[in-house]
Every structure is written in C-alpha cells, then in structure tokens.
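I opened my notebook to get to know a new model. Here is what I looked up, entry by entry.

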Amino acid sequence: MTDEHTLLARVFLARVVEPGDEVAGRWIRERGVHEVARRLKSAGEPLPGVGDKRWSGLLARAERADPRADLVLARQAGARFVAPGDTEWPTQLDDLGDARPVGLWVRGRPSLRMWALRAVAVVGARACTEYGAHMAAALAAGLAERGWVVVSGGAYGVDGAAHRGALGAGGATVAVLACGVDRPYPRGHTELIGRIAEQGLVVGELPPGEHPTQSRFVLRNRVIAALTRGTVVVEAAHRSGSLVTARAAQRLGRFTMGVPGPATSGLSAGVHELLRGEAALVTDAAEVVELVGDMGELAPARRGPVLPRDLLEPSAGQVLAALPGNRPASPEEVARGARTSEDEAVARLYELRALGYVERHGDGWKLTRQAMISVREGRSPS
C-alpha cells in the first residue's frame, strides 16, 4: 500500500503531468516520484529532456496543484486513487513503460486489478450504424455471460452499446474516461456512466474536474489496450480513434480482433484494414474468448445444417451420389460411379429405396422426386 507521502506526491504529479508523458515517466523511473515532485515544487533548474518553455508550463501547473484537495474531491465523488505498487494496481499497465500512468482514479466497488485479469476491450466508431451497435451490444453481452469484463471508453456509438450490452446481461464493465471520473463525458452519457459506476468501474488518469481534449482521448486509448487481454474493433473508419487502441494492443502483444462489415461501408474500412494485417476476424463472443481465454475455451465448430443424406453410411452415400439426377441408371453404371462392385451397389440401392431416396425404373434405378427436393432444400425425403 502506498504511504501518505508517496500518495500525495503521485496525486500532485497526476495534476501536473499530462497522461502518457514519457519524458516525465523517465524522470519518475530514474529519480523517483519524491524527487520529481520536489523539483517541480521548488521551481529549480529544468529536468533533462524539456526546454524552458515547457518547464515553465509545468511549474505553473505545479504552483496551482493541491493534492489534498484533489483527494477530498475524489472522495466526494466516490473515487479513490490507485498507484503502482498498490494491491489494486493492474500490473499489466507496467507494459506501457515510461508511458505508464502516474496513477488511476477509480469509481466503483470492485477491484480493478482482479477485473483486469479477465478483461476484453470492445471499441469502435462513435457515429456507428445500427449493425455496429447491435454487434457491439451482442458481443459485450456474450462476453459478460461468459464471465469476462468488457472495457470501453464511455463514448457514443459502439462504446455505449458495448457498456449497455454488458450491463443488460448483468455483467461487468469498465469505462476508461479521458477526463476526471467526477465529470462524465459525453454529457449525454451521464446516466450510463453513473450506472457503470454502480455496477462496474469508471477509471481515468486525470484528476477530479479535468476536462477532455483530443490528445487526451488518443492517450486514453493506450490504457484501454494495456488493461485488457485483447481489443475488438467493431466499426472504424480509416482515421478512427479506435484503431489507435487496436494498434496500441498490437504493440503491447495483446490480441487484436475485428468484426467485419459490408465491403461498401466506410465505417468498416478501418476494421478491414486491420483484418488484412495481423488482426483476427471474430463474429461473436465465443470466437473472442477462444483467442483471449484459457486453453480449452474453444468456440463451437462452424458448419451448415446437417442434412439427412449426411447421416448415411459412406458407402451408401457414394452410391447415392453416383445416380444421375435426370434419368435412370443401371446397377453397372452406378457401381462404376461409386467405385464399388455391382453386388455392393445393388445392396446399397435397396437400402436407399427403403429410406425413400431411390426407386426402381425398369432394369435401372433413379432418384425419387422427393429425394431430389430434399437435396435442394435440406429436408428428409420421408
């Protein structure tokens, strides 16, 4: 557990340093949080890797930072600060190296570390189609029913559909925000994010009251990728932010998956680009779990409907296949087509007659009308 002195230093840095700042991350790794916080508070010489202008900006933010006040605001919002080294810290975030968050603000009762052990990201377009919303909700519900945590960004479109799908299935979901966890964004999702905080977790790097920016949205996506075993992209245009999440997942060695859409849809163009690369094509939760789950969590085999003729013995099936569809055939002709003896062919023809597939026609044999219909429609000839 982080001691109070270290906690205050990290909360201070979370207010001063922008998410994903790898220069600051290197300072923390090489010098420790206390030394970095001290240098910023004392307004001394710039730390290595930044110019005077950027250092002045950091000092201005440091002058206004009040970590104790941030902790009070967080408690009022029902949030806590989780830092590296805490028992609740998800260690897979350490894979981000110097871009690792200084800490995370967390709303909700469950343990973030435990939930992140079995989590999948479902992301995609904000302006998604009905197909995209349906697929996101169905995937999330299926994952939740299988005991997986659905992680997304709380945005409109695919994100919102994924969260609602998991909640509707009575499952677990995590919203990773690009703003303070006490300030739901977008405003239209205030009720949804409130439901997530009650039933799941709302997570963010930024301290209470902070607003989102375009760069913060982009950098937030690395946390979604790192928290989860894999990322599923449901719909995404070529320049979609969800592709940033997918590529971050690939860099981190996580599974990257895509749900295909119409070839003519611009909203699926980015997904199709991923699928042409290293991403795996998935169409339902079972296929996602087969990739990200433990050994033996396999998706069911995919095949068409079982037809009555599929249940025939192989030798009988060969004889049936050897019969022409438009005329009778002699036993000799059938035997040649089935690559068997004439006696064997006759024996199988009588079996097939008993099953309703063939009938005698003079000295020859032909398919029954009902058998020809069953072959076309997949129905029993009886």
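I began with helix α13 (residues 285-292), where six of the eight residues are buried; helices (H or I, at least four residues) and strands (E, at least two) are DSSP runs, numbered from the N terminus. Buried means under 20% relative accessible area, with a 1.4 Å probe and protein chains only. This is a predicted model, so local features need pLDDT of at least 70 and side-chain atom pairs pLDDT 80 or more, while totals for chains, interfaces and linings use all residues. Residues are numbered from 1 along each chain as its sequence is written, and side-chain values use heavy atoms, leaving out hydrogens and water.

Which residues of α13 are buried? I found A285, A286, E287, V288, V289 and V292. They pack against β3, α7 (130-145), β7, β8 (255-258) and β9, where contact means heavy atoms within 4.5 Å.

Next I looked up the sheet. It is open, has nine strands with mixed pairing, and runs β1-β2-β6-β5-β4-β3-β7-β8-β9; two strands pair if DSSP finds at least two bridges between them. β1 (79-82) and β9 (280-281) are at the edges with a single partner strand each, so one side of each has no neighbour in the sheet.

Then I checked β3 (residues 119-123) and β7 (residues 230-233): they run parallel, joined by four bridges. V120 is opposite G230 in β7. Helix α10 (residues 214-227) packs on the sheet and touches β3, β4 (149-152), β5 (173-177) and β7.

Methods
Axes are lines fitted to C-alpha atoms, for helices over the stretch in contact, and angles run from 0 to 180 degrees between N-to-C directions. Buried means under 20% relative accessible area, exposed over 50%, partly exposed in between (1.4 Å probe, protein chains only).
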